[in-house]
Amino acid sequence: MSPPGAGDSGDQAGAMRREPVIRVPDNGVLLYRCWEDEYVFYHPATGDTHLFDQASADLILAVSAQPLSRAALLKRLSASLKSLTDQKIEQFLDELLMKCGQSGLLEVGEG
């Protein structure tokens, strides 16, 4: 057996890689307020405010508590959006992550 990184050990290296996680950036403290099922997040680092629905806010708050993988976020969404198909849930998550990434609320990092 070859040591890691020697020869043809691509499978071992792949197995050792950690799944990327979604997290709040290091400088990102998020403040929020909730009115019924709408959440307004204030991002002090940028001075921007953002309006989100309940499902989106739940994910943002979960990620602000601890970095989570895309798979973990999909699992959370599936539990709260039971009426949607898996494809629609993935689309919802991808759109949310794109919006949050562009605004600097969330980022993808190493696990």
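**Exercise 1.** Determine which residues of strand E3 lie on its covered face and which on its uncovered face.

Solution. Strands (E, at least two residues) and helices (H or I, at least four) are DSSP runs, numbered from the N terminus. In a regular strand, side chains alternate between the two faces of the sheet. In E3, the covered face holds Tyr39, Phe41 and His43. The uncovered face holds Glu38, Val40 and Tyr42.

The model is predicted: local features require pLDDT of at least 70, side-chain atom pairs count only at pLDDT 80 or more, and totals for chains, interfaces and linings use all residues. Residues are numbered from 1 along each chain as its sequence is written, and side-chain values use heavy atoms, with hydrogens and water left out.

**Exercise 2.** Identify how E3 pairs with E2 and with E4.

Solution. Two strands pair if DSSP finds at least two bridges between them. E2 and E3 pair in the antiparallel sense over 5 bridges, with leucine 31 bridged to tyrosine 42 of E3. E3 also pairs with E4 (residues 48–53), again antiparallel, over 6 bridges; here tyrosine 42 stands opposite threonine 49.

**Exercise 3.** Describe the turns of the two hairpins.

Solution. The E2–E3 hairpin has 2 residues between its strands. Glutamate 36, in the loop between E2 (31–35) and E3 (38–43), has a positive phi of about 55 degrees although it is not a glycine. Most residues other than glycine have a negative phi. Glutamate 36 is exposed (over 50% relative accessible area), at 76%. The E3–E4 hairpin has 4 residues between its strands, and glycine 47 in the turn has a positive phi of about 80 degrees.

How values were computed
Buried < 20%, exposed > 50% of the residue type's maximum accessible area, 1.4 Å probe, protein only.
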